[in-house]
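Please open the model in the viewer and keep the selection panel at hand. The stops of the tour follow in order.

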Amino acid sequence: MAASLVYLLLRQILQMLTQLARDGGAKDVELLVLRHQVAVRRRQVHRPDLQPADRVVLAALSRLLPRPQ
């Protein structure tokens, strides 16, 4: 129960922050940087060891991504 509440709160906070910081050019550059960081990390580590807190953050952030139609 507490974990789901924390997840929902984190998701709402992240959604508000992303809506406040929506600048098209800056967002595109940030995405390119983050994708490059992920590519570099994948070359260095075969499988990351995710902690439960990491999974909560990734799950909350993934809900903000647009869904394919």
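Select Leu9 to begin: this residue counts as partly exposed, at 49% relative accessibility (buried means under 20% relative accessible area, exposed over 50%, partly exposed in between, with a 1.4 Å probe and protein chains only). Leu9 sits in helix 1, residues 2-20; helices here are DSSP runs of H or I with at least four residues, strands are runs of E with at least two, and both are numbered from the N terminus.

The model is predicted: local features need pLDDT of at least 70, side-chain atom pairs count only at pLDDT 80 or more, and totals for chains, interfaces and linings use all residues. Residues are numbered from 1 along each chain as its sequence is written, and side-chain values use heavy atoms, with hydrogens and water left out.

Next, show the whole protein as a cartoon. The protein has 3 helices and 0 strands, in the order α-α-α from the N terminus. Of its 69 residues, 4% count as buried.

Now colour by pLDDT, the predictor's confidence in each residue, from 0 to 100. The mean for the protein is 80, and 90% of its residues reach 70 or more. Where pLDDT is low, the predicted coordinates should not be read in detail.

Finally, select Ala59, in helix 3. Ala59 is partly exposed, with a relative accessible area of 29%.
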